[in-house]
Amino acid sequence: MFINVDAVHDSPALPEQVDVVVIGGGIVGTTAAYELARQGVSVALLEKGLIGAEQSSRNWGWVRQQNRDMFELPLAMYSLDRWQAFSTEIGRDVGFRRNGIVYTTDSQASLAKWEAWGQQAQEQGFTSHMLSAEEARERAPGTTSTCIGGVWSPSDAQAEPSMACSAIATGAREHGAYLHQNCAVRGLDLHDGRVGGVWTEHGLIKASTVICAGGAWSSRFCRRHGVELPSANIMGTALQTTAAPEVTPGCLITPKVALRRRLDGSYTLALPGLGRVEISPQGIRYASKFYAAYRSKLAKKLQIRIGASFFNGPEAAGSWQFDQVSPFERQRVLDPTPDIPQARAALAALQAEYPALKGVHIARAWAGMIDTTPDMIPIISPVDAIPGFIVAAGFSGHGFGIGPGAGRLAADLATNSAPVVNPLPYHIKRFSDGSRIRQPEMM
């Protein structure tokens, strides 16, 4: 189902030359362009379809620090500060509300894991609170599920996916960035092995630095230039309910269902951990690197199927010339078919857990494609083999929440500035230098 996002106006004319080109108008690309423009850097933000129309408007809308991998936590903590500041800086609402996030569980092992994580997180300056069974029920009133405890992160938040990228991209344009939608980048213009610009469907833009923040399309773009970016695209389904009574003001995840209270009084709803992977040339190419992830419990709920991804879209094989129509133009907006039985199961789980919501219905359901790395940690990194080329991709379902920090880090790498967080854990070379691929930890 196509997602409605707030409209964004393009710049009048395509530039001939800028300092930095940002490929991709999702949360990472828009924030990278915004941070660069705010610093006075000449930047062009180019999107093959519409700003925010793919996974950045199809996610749950959670802005979370709780239960992040320790490598991601500094980026998540910085991102919360930027989320807080956006509406004031830009003068447009991004839907940011700091209502906290609650996890409840019927598993003693989960409680022990959360408590151990919390002790490590406190060393980095983040505090959450373990909840007794009674406290967890108070944070999630009305539930009928068995609950032995939980964890509460009061500083965590939410934002509205259909609003956020559009507001940030508009802020970038108002700071002087060039912004162009329906403008696919077909490839890099290289001179003596380093970046000299990009070839778009409308011609050449010269630039000494390019940031690729193309989400599910990033790996295919990189392969066109001989850069290996291990990624598996996981299709996830979510839904919006009709307006409903409030059972939580913010975000809540139980053993059965994940939900977020939306600004209009409805809920965004999903079944945690479920997804679909289609067999594809890209998947086969990188299968060995995902061995640990596929063996972990994180992959036990994935359905593996044969589908259209083998021949079309971001995971297909094949190359193209820069004066030819590229795959990015053939599919302007990636709009997977939602799993309707899964959406119905999510609604049934919600209603079983909250009898007060028996009269709630599905208003709409949609699917998105989540670009996922073998260790579920993003790649935010220069590509050593192509000076001037930076990749920010593989956010593994965490991109919306940590997008502002990721965009800022990509901007820092583009300008050779002091990085806002240590960039080493996000370097692309960890998948090619012989290092053991870490098994995914927290999600």
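## A serine in helix α2

Let's start with Ser-79: a polar atom of its side chain sits 2.8 Å from the backbone oxygen of Leu-75. Ser-79 belongs to helix α2, residues 73-90. Helices (H or I, at least four residues) and strands (E, at least two) are DSSP runs, numbered from the N terminus. Ser-79 is buried, because its relative accessible area is 0%. Here buried means under 20% relative accessible area, exposed means over 50%, and partly exposed is in between (1.4 Å probe, protein chains only).

Keep in mind that this is a predicted model, where local features need pLDDT of at least 70, side-chain atom pairs count only at pLDDT 80 or more, and totals for chains, interfaces and linings use all residues. Residues are numbered from 1 along each chain as its sequence is written, and side-chain values use heavy atoms, with hydrogens and water left out.

## Strand β2 and its neighbours

Now look at strand β2, residues 43-46: Val-43 and Leu-45 point one way, Ala-44 and Leu-46 point the other way, and all are buried. Strand β1 (residues 20-23) pairs with β2 in the parallel sense over four bridges; to count as a pair, two strands need at least two bridges found by DSSP. Ile-23 has Leu-46 in β2 as its bridge partner. Between β1 and β2 the chain passes through helix α1 (residues 27-38), making a right-handed β-α-β crossover. Right-handed means that, with the strands pointing away from the viewer, the path from the first strand over the helix to the second runs clockwise.

β2 also pairs with strand β8 (residues 178-180), again in the parallel sense, over three bridges. There, Leu-46 stands opposite His-180.

## Salt bridges

Side chains of opposite charge can pair when their charged atoms come close. A salt bridge is a side-chain nitrogen of Lys or Arg within 4 Å of a carboxyl oxygen of Asp or Glu, and by this rule the count comes to 18. One of them joins Arg-92 and Glu-174, at 2.9 Å from N to O. Arg-92 is in the loop between α2 and β4 (101-105) and Glu-174 is in helix α5 (residues 161-174), so the pair ties together parts 82 residues apart in sequence. Arg-92 is partly exposed at 32% relative accessible area, and Glu-174 is partly exposed at 48%.

Another salt bridge joins Arg-186 and Glu-329, whose closest N and O atoms are 2.8 Å apart.

## Two positive phi angles

Most residues other than glycine have a negative phi. Asp-192, though not a glycine, has a positive phi of about 55°. Asp-192 lies in the loop between β9 (185-191) and β10 (194-200), and is exposed, with 85% relative accessibility.

Asn-416 has a positive phi too, near 55°. Its place is in the segment after α11 (399-414). With a relative accessible area of 74%, Asn-416 is exposed.

Terms used
A polar contact is a pair of N or O atoms within 3.5 Å; within protein, one must be able to donate a hydrogen and the other to accept it, and residues adjacent in sequence count only if both atoms are side-chain atoms.
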